[in-house]
Amino acid sequence: MRQVMRNIWYSFPVQLTIVHLRNHLLLLGIWIFLLLLVSGKVGGSLGINFLFWAPEYLGKVGFWSFFIVGMAFGALVMSWNLSTYLLSAYLFPFLATLARPFTKFCINNALIPLAFVILYLSLHIWYECAYESHGALYILANCMGFLVGVITLIGLIALYLQFANKDILSFLKITSQPSSNQYTAYIGAGQHKISIEDVRLHRTAWLVTNYLTEKLRVRPVRSVYHYDISLLLRVFRQNHLNALRVQLYTIVIIVLLGLLIDNPYFRIPAAASIFVLASIVMGLLGALVYWLHRWAFTGFVLIMIAINLLTRLEFFHPKNQAYGLNYQKIGRPEYSYASLSALCQPKNAQSDKQQIEAILDKWLQRHQAAGDSLPHMIVLGTSGGGLKAALWAMHVLQQLDSISKGEFMKHTVLIGGASGGMIGAAYFRELYLRQLQGQAVNPYDKKYLDFISKDLLNSVSFTIVSNDLFLPWVQFEEAGYTYRKDRGYVFEMQLNENTGYVLDKALTEYWLPEKEALIPLLFVTPSIVNDGRRLIISPHSVSYMMAPPVALEKPQAVEIDAVDFMRLLEKQDAANLRFTTALRMNATYPYVLPDVFLPTEPMVEVLDAGFRDNFGIKTAVRFLHAHKDWIQTHASGVTLVVIRAYGRHRQIASSEHRGVIETMFNPLGIAFNIMKLQEFEHDTNVGLLYDLLGRDHFDVLRFVYIPGQLNKESPISFHLTRREKRDILTALQRPPNQQTLQKLLKRLHAYPMITQQQEVTPSHQ
């Protein structure tokens, strides 16, 4: 028994794993990070684990999507084998005496990848059994797709190495070099003298007694005493060169695929992109350690510093731009406090306010023509939350307008919000406009729910790996200007494909429909990174929204906290901005999408609106405050309708039982409660509106998506699973939302007696 345990302990697979634990913690860290992603321990709130459990390809989850993920995982496995072979093979000189040494190395190096595969497929099976309604054959097909993909990729690389790598017998046939007892080998950057005596006494070798063959049979390790050490090292050197070539070929293939990002067939599942990125990082780390040896960490730090210095140059760090704008350096507006003060001077603010009130006058005239002399006004706010928020906003708007027979949109004067919720609201507004214009469009059709909930993440994630990391210089032309393709471009392209290109318009194309009060005003409000202000994007000039209304009389009394996009960039073709770009700027979650740089001097960058106003309430409060006098004269009351993709009350974390290190970071915890801090501020502002407009003439109604029992932690992501979609589309039927619906319909005098069970399924017109 003792001998059996000794043989197991000194077997090649076990000893290889020990070598990794001792020498290759950076490479093991990649496996650990992937394990945390797949299990949901990291990125679970963003839904990254679902990208692995239910990967999509061309909008479907099935054999082929798992096959592609399997291929990508196979690339990761081979990158792991190639990197560790580069770094560890010299510790096992017996390998050079074997036929197909690299193949045997891979088989014995499979413990960690095999454990990962078992865990990954187990999680997929558990997910399907616990949350989805697919049968055993479907689950089996998915698992087989993954395994076939892994085997296919590994088989292709193994086939290449089968012909490229040589073993010691091959060198014996072609060499006549006399035997020597000492040979100078270059392992990485370090020079090591290895002699036959060293090998015989295991001074440089790692003790191994047995290994597994290709047929998984156990074979004893033979002595290498009788071999010329120079031949052993020539085998390793030649194998190392082939390993480096394979890694280089992999990167070249990824870059070539990046040139084809416009073709949906080349947009692989997001999980596959993550595996590919991990394989590239692993290969680069392995090469770094191989070439620099003990100087690897110092070299890594120096490389990071060099990259940071190089990417300060525009050529090496192309900035994402707002499509449709003119980025010529001549004539760029100054971005400073003085220039912002000039934009919102009382004369401009008063003029812009009067133009918006002229739109409100037309809205009033339409209601008066229908016999409603004092119509009820609705202002809509939508929350961020990725595709979850987009689908929820679209579904709620379809139902509200359908049940009220069009009264909801007729009474709505303004839409604001962030991220996904704004995308859903903008999509519904566009469909509503097309119906008004006489097109054969039914905005209540369920198919639009399928369109708005289609995946946006696969194309973005693949572009990060295949284009943004290596080739961010491919260009395209839009509105007469040239821009670079990156994940921002792909996001808009995918959004247009998903929604039938109905949002593929310039900002100015909404000027007339809004001016005639056919559709509600829509303010897109991304955040400005440089100073924390909000950028207000509208086809109209709205400089009066740049500061509280008191600024018209006392400009120095309050701070300018917003910027009028139209006035700031008027000479840079602000009206020509692509509407999908405005929506993307409003939904720029850090790292997932690139920050957008504006043509100002100095350039400023913008990102997600949620950092300042994740619910559209700040926009609504400023608008209602500014037009308070008009509203009190011409409207019977105002309802602020908020469509939220998550609840207001969350579990309060405990500060007890924390270690010393955790306690050091505990004060930073408030930074992670930015949404909750916003809500406290918003509630204060809403409370002031009750006093300004009158508590009998103003109210707030919230339609909240509270995940069901199986979706307690519904993530924020640009990808939705079938289970999440089903849960979102049933949330409006829950009692709290039905009670809110009753209150809203009562204010609109439309079907006040509708019951919980009577949620309307829109009929085709």
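Predicted model: local features only at pLDDT ≥ 70, side-chain atom pairs only at ≥ 80, totals over all residues.
Arg578 sits in the loop between helix 23 and helix 24, while Glu478 belongs to strand 8, so the pair ties together parts that are 100 residues apart in sequence. Glu478 itself comes out as partly exposed, at 23% relative accessibility.

That contact is one of 21 salt bridges in the structure. Another brings together the side chains of Arg584 and Glu492, at 2.7 Å from N to O. Here helix 24 supplies Arg584 and helix 21 supplies Glu492, so parts 92 residues apart in sequence get tied together. Both Arg584 and Glu492 are buried. Then there is Arg533 with Glu559, whose closest N and O atoms are 3.4 Å apart. Arg533 is buried at 11% relative accessible area, whereas Glu559 is partly exposed at 46%. Salt bridges with shared partners also join Glu430, Arg434 and Lys505 into one network.

Moving on to the strands, five of them make up an open sheet with parallel pairing, in the order 10-7-6-16-17. Strands 10 and 17 are the edges, each pairing on one side only. Strand 6 (residues 376–382) and strand 7 (residues 412–417) run parallel and are paired over five bridges; Ile378, for instance, has Thr412 in strand 7 as its bridge partner.

Finally, the surface carries a nonpolar patch with about 830 Å² of accessible area together, including Phe297, Met304 and Ile307. Ile307 is part of helix 13 (residues 296–310) and counts as partly exposed at 43% relative accessibility.

Technical notes:
Residues numbered from 1 in each chain as written. Heavy atoms only, no water. Pairing = 2+ DSSP bridges. Helix = DSSP H or I, 4+ residues; strand = E, 2+ residues; numbered from the N terminus. Patch = residues over 30% accessible without salt bridge, like charges linked within 9 Å, V, L, I, M, F, W, Y side chains within 5 Å. Areas by Shrake-Rupley, 256 points an atom, 1.4 Å probe, with all protein chains shown as cover. Salt bridge = Lys/Arg side-chain N within 4 Å of Asp/Glu carboxyl O. Buried < 20%, exposed > 50% of the residue type's maximum accessible area, 1.4 Å probe, protein only.
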